[in-house]
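Welcome! Open the model in your viewer, and let's walk through it one selection at a time.

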Amino acid sequence: YRLAADHGSAKAAFNLGNAYRQGTGTSRDDAEAVRWYRLAAERGDIDGQVALGVMYGIGRGVERNAVEAARWYKVAAEGGDARAQFNLGLSFERGEGVPQDFERALTWYRAAAEQGDASGLRAVGVMYALGRGVPRDAAEAMRWYAIAANKGDVVAQFNYAAGLDAGRGVAQNQAEAVRWYRKATESGLVNAQYNLAVAFESGSGVTADPAEAMRWYLRAAEQG
């Protein structure tokens, strides 16, 4: 990678950044990873732009700088990268590195969602649930959660289950809620484990089973 990167290959520079970040074939060196990601980003590599934004966002290999993170997310987002579109939406929602702006956050979340990005799909649902940048609409929130849940987004699976459990935005269906709580527990989500325990304890959507309830309570407790 180094030879190609030294000769101007943006993708090789990105791959070299990954090697340093992961310690693959070389000693792990986050600062060196940032240096190569920057070269890749400045040469127009979208993966490099996203990676550089992430490094600035978490302060890895470089001093944390939310403004620089958002700047690089914006470059990659405008280039059509769904991950960057989601991250930029999150920056606007939280007001990190940019002024807080729910409408712009929703715009970027939608852009990611339109590409099938599960995080973007779920985020659009959250914005409808909270009424951020759009009128609050529980039914619309559930519609987006369902799409994201079916794409494997664990938080969306939990949110969808909770909506079904409470009859929020959809007809109450506790048996279906239990099914989605189970899906979410496969990824180790503590809240899903706890809610599944409650379902087994109370017999909501499932046959009451105190032993099974205790098993899920213990699993949730083990994760804190």
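Start by selecting Asp30, Ala33, Val34, Tyr37, Arg38, Ala40 and Ala41 in helix 3, which meet Gly48, Gln49, Ala51, Leu52, Met55 and Tyr56 in helix 4; contact means heavy atoms within 4.5 Å. Sorted by class, this contact has 9 nonpolar, 2 polar and 2 charged residues (Ala, Val, Leu, Ile, Met, Phe, Trp, Tyr, Cys and Pro count as nonpolar, Asp, Glu, Lys and Arg as charged, and the others, Gly among them, as polar). Helices are DSSP runs of H or I with at least four residues, numbered from the N terminus.

A word on the source: this is a predicted model, where local features need pLDDT of at least 70 and side-chain atom pairs count only at pLDDT 80 or more, while totals for chains, interfaces and linings use all residues. Residues are numbered from 1 along each chain as its sequence is written, and side-chain values use heavy atoms, with hydrogens and water left out.

Next, bring in helix 2 (residues 10–22). Its Ala10, Ala13, Phe14, Leu16, Gly17, Asn18, Tyr20 and Arg21 meet Asp30, Glu32, Ala33, Trp36, Tyr37, Leu39 and Ala40 in helix 3. That contact divides into 10 nonpolar, 2 polar and 3 charged residues.

Now what lines the largest pocket? Select Gly57, Ile58, Arg64, Ala66, Ala69, Ala70, Tyr73, Asn87, Leu90, Ser91, Arg94 and Glu96 to show its lining. Helix 4, helix 5 (66–78) and helix 6 (82–94) each give two or more residues to this lining. By class, the lining has 6 nonpolar, 3 polar and 3 charged residues. (On a 1 Å grid over the protein atoms alone, a pocket is an open set of points where a 1.4 Å probe fits, with protein on both sides within 12 Å along at least five of seven lines; lining residues have an atom within 4 Å of a point.)

Definitions and conventions:
Axes are lines fitted to C-alpha atoms, for helices over the stretch in contact, and angles run from 0 to 180 degrees between N-to-C directions.
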